[in-house]
Every structure is written in structure tokens, then in C-alpha cells.
Amino acid sequence: MKQSAKGYRFLHPFTFMNNPLQATAEEVRQTYPCLTKGEGAWVYDDAGNRYLYLSTAVPTVGLGNRRVIQAMTEQYETLSFASTCAQGHPFANQLSERLTRIAHHEHAMVFFSNDGSGAVETAMKLVRQYYRSKGEPQRTRFLSFEGSYHGTTFGSGSVTHMGIKESFGPGLEGCFSIPAPHLYRPPVAGDEAAFEQYCLEQLEKTILTLGADTIAAILIEPIQGVNGVVLFPQDFWQKVQCIARRYDLLLIADEVGTGLGRTGHWLASHHYGIKPDLVALSKGLTGGYFPMGATIISEEIIAELYKEGGIFLHGSTLCGHPVACVAALTILEMIEQDGLLEQARQRGEWILNRLKQSLLDHPQVGDIRGMGMMLAIELVSNRETKTSVSFAWSRAFTATLRQAGILANFFNGVLSMYPPLTLSDDEADYLVTRLIDVLAKMP
Ligand code: PLP
């Protein structure tokens, strides 16, 4: 198709664009490499350049995987669509069973949506309806943690702390934020125990000030992805769960980024020893082969909602699409059969160790962190003050990374990297070697 020289018609999500109506395709390409092919851990742009693709937590088994494509193709050929609002198909229930087993929530149920925001939004609506059904309709408020990203819809955007809600004026009322014990950028002075104590106290204080009986749920993102792969003290989420139980609040774990193998565990919640009432999933679920979100809902919530017959007035036309379900089932089977959880854990640890050995003394490396195939390097212009790198430095760094054949996310001074769980030894070595080279070249 012929493209007009001036005037781009596709509005990219999230990223700043300077007058897109006047931008040339070439200008846009500076920000967005135009990808034409993907194979395993690699993508290629329209100039034939190859990159290790680390930008998002979506590809679990890499791109263009033959096994997934074949299963999806067979499904397209046999039943390319069924509207789960009115009909069933075998794979929605098979996938739901599989997900409840994976989540160690055998008696739970699963609700499908089309993305991560939808999975979180579903969880939020469910808890509201749950409390209405219990005769506590005043429980409408939500608590979430600073730095968490939960999505962009009005509900999920209202519990997100990344400037999303500020962009659109008032969102959902009654959403409150709690400080999080970010280990590299802590909210108070002191040691890990002090940050944790402070945040837990703030959480409890907020609950008591608002009144526990006005709060519906606490949302957590066990490892904050968009905020730069931020990990918290090992026992923090268990302590948050204790507080939630003490005040009879539901716990929603947003595992859209962390779930289904990304951290080297089926769920990050398992690593932290918690059992949330609801779990939101997306990204790795279908690995980018089809849009899909899922919300795992505890038996207690379902029992309450449907105690006298019931209806959850929520859903969308394409949710639980048979092709999405088949893609997800195939990917989950591959993760299990090919030992990808163990592989992600070990390879992630190997990459982290090598990065730490080679880069921790670098004058601009503030922090190196991660778990499994979720890794980050935080870059600073001054290690003492932890001042972020400048805009100009960031641009040069992103360009140098790209020239070195790496596509990763660089946001707020943090390079976040999400290799597929299938990353090979050689690819892990490529990643580490190139990163060390790129940082050596930077002024
Ligand atoms: N929750 C988390 C933790 C996420 O990382 C994201 C996306 O980055 C979302 C929710 C929203 O998912 P989506 O972009 O698919 O709507």
C-alpha cells in the first residue's frame, strides 16, 4: 500500500509524538523501528536489522513458534469463533481448569477478557459486586501501591500510579495509594526492615482512617514491571496479606506481567507465599499470539455472587475466543513439558550474576535487579545522589542499544528486559556481552 510522504495515520499508544499529522514515516521510524519479522527471541526491521527482543513481558515461547501456530491454525480451520456470551466451546473450560490448577486454586473459576486492563477491571467489578451481594454496598474503595501499573481503563487506570489517572481528570472515586518499599528508592531512610515497617504502618493507618468497612480490596503488583522491575522485601506481600485478612479486605494480585513463568514460577504469588482472592493474568498467557486476559476468582466470591442464582453483568464479545484459548493451552503445555520455569529461573540468575560481576562498578549503574526473565539495570548520572540520567543521555543510550542489536524498554532511567522463557545460553551470552559493550561506549 502506498504511504503518503507526510502524515502518519496510526496513533501509537503511550509514546510522545510531535505533531503526528505532519510526521513522515521516517521520523516515526526513529522512535518506532518498523518490525517485519520475528523468530524465537529475535525480531527484524524493514531495513533487515536483527534485534534481541526484550521490550515486553509478552513473548513467553518466543515469536513464530511452529507448535503454537499449528495449534492455532487447526483451531481456525475447525471453529474460528464462538461467542462465549451465548455458546460454549471445549477450550474455554479446559484453559480455565488448567489456570485454576496452576494458581493452586482448584475450586476457583476463570473469567476471560481481552487484555491486562480488562483482567484487572473484571477483578475490581467482581469485588464491588461481591460486597453488594453480602449486604455491604458501602465497600467500594480500593488501595494500591505507589509505582504500580494496573492498566488504562477507567477502573484499572484509577489504581495505577504512573500519571495515567492525572491525564483524564477524575477517574473512579475512592482509590488510595500506599507507599511501597522500593529497595533502591525507598520511601524513608533506614534499612529494609524500616522501609517495610513504614509502608505496612501507612497501609494500616489508611485502612483505619478510611474505615475498613468502606474498602473493597487491596491491589498488588508483586513485582512492579512498568515501574522498572521493582522487587520488594521477601516477606512484604505476606504481611500485606495478613493485614488484608485482619480487616476482611479482598486481595487482588495483578500478575499480568509476572504470571505464567516470567519470574521462573507459575505465579510470583507462589514465590512470595501468598494466596490472593483474585489473580489477573494476560501478557504471557497467549504470548502475543492472540489478545487475551483472564481473572481467576476464588470459590468464596463465586459462591457469594451466585448464592441465589446470579448474574455478573460484564464481558465482551470476543472474550474466551477459541483460538486464544488454544494458543494459551499450547503455551502452558510447552512451559510444563519443556521445563521452562526452571530454565527461566536459572538463566535469569546467570544473567543477573554476570551483569553484577561486570557492571556494578560502572559509574552510571545504580542498581541491577530482577527475577527469572524479568531483569533491569537502573542508570544514574550520580551514584551517591541517585540522580537519574539526562534526557540526552537516555536518547544516546537507546540509540546505541539499538545499534548493538537490542530492543528493550528504557523508561525513567531504568532499562527493563524481558527475554522469552526459551532464551538459549548463546542468546543470554549475547545479551550480557552487548550490554557490557554498550555501557562501555557511553560517555
Ligand atoms: N497490569 C500490569 C502489571 C501490567 O504490566 C499491564 C501492562 O503493562 C497491565 C496491567 C495492563 O495490561 P494491558 O496493556 O494488556 O491492558
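Mentor: Two strands pair if DSSP finds at least two bridges between them; strands (E, at least two residues) and helices (H or I, at least four) are DSSP runs, numbered from the N terminus. The model discussed here is predicted: local features need pLDDT of at least 70, side-chain atom pairs count only at pLDDT 80 or more, and totals for chains, interfaces and linings use all residues. Residues are numbered from 1 along each chain as its sequence is written.

Trainee: What average pLDDT does the protein chain have?

Mentor: The pLDDT is the predictor's confidence in each residue, from 0 to 100. In this chain, 98% of the residues score at least 70. For the complex, the predictor gives an ipTM of 0.99 and a pTM of 0.97. The average pLDDT of the protein chain is 95.

Trainee: Which residue of E7 is the bridge partner of Leu143?

Mentor: E5 also pairs with E7 (residues 215-220), in the parallel sense and over three bridges. Within E7, the partner of Leu143 is Ile218.

Trainee: Which helix contributes the largest share of the shell around the ligand?

Mentor: The ligand is surrounded by 14 residues (C-beta atom, placed from the backbone, within 6 Å). The closest are Asp115, Gly116, Ser117, Val256 and Gly257. With three residues, the largest share comes from the helix covering residues 116-133, namely H4.

Trainee: How far apart do the C-alpha centres of domain 1 and domain 2 lie?

Mentor: The domain assignment, whose bounds come from an automatic or database source, gives domain 1 as 33-64 + 339-441 and domain 2 as 66-337. On the side of domain 1 that touches domain 2, helix H12 (340-359) and strands E11 (365-371), E12 (374-382) and E16 (414-417) each supply at least two residues. The distance between the C-alpha centres of the two domains is 26 Å.
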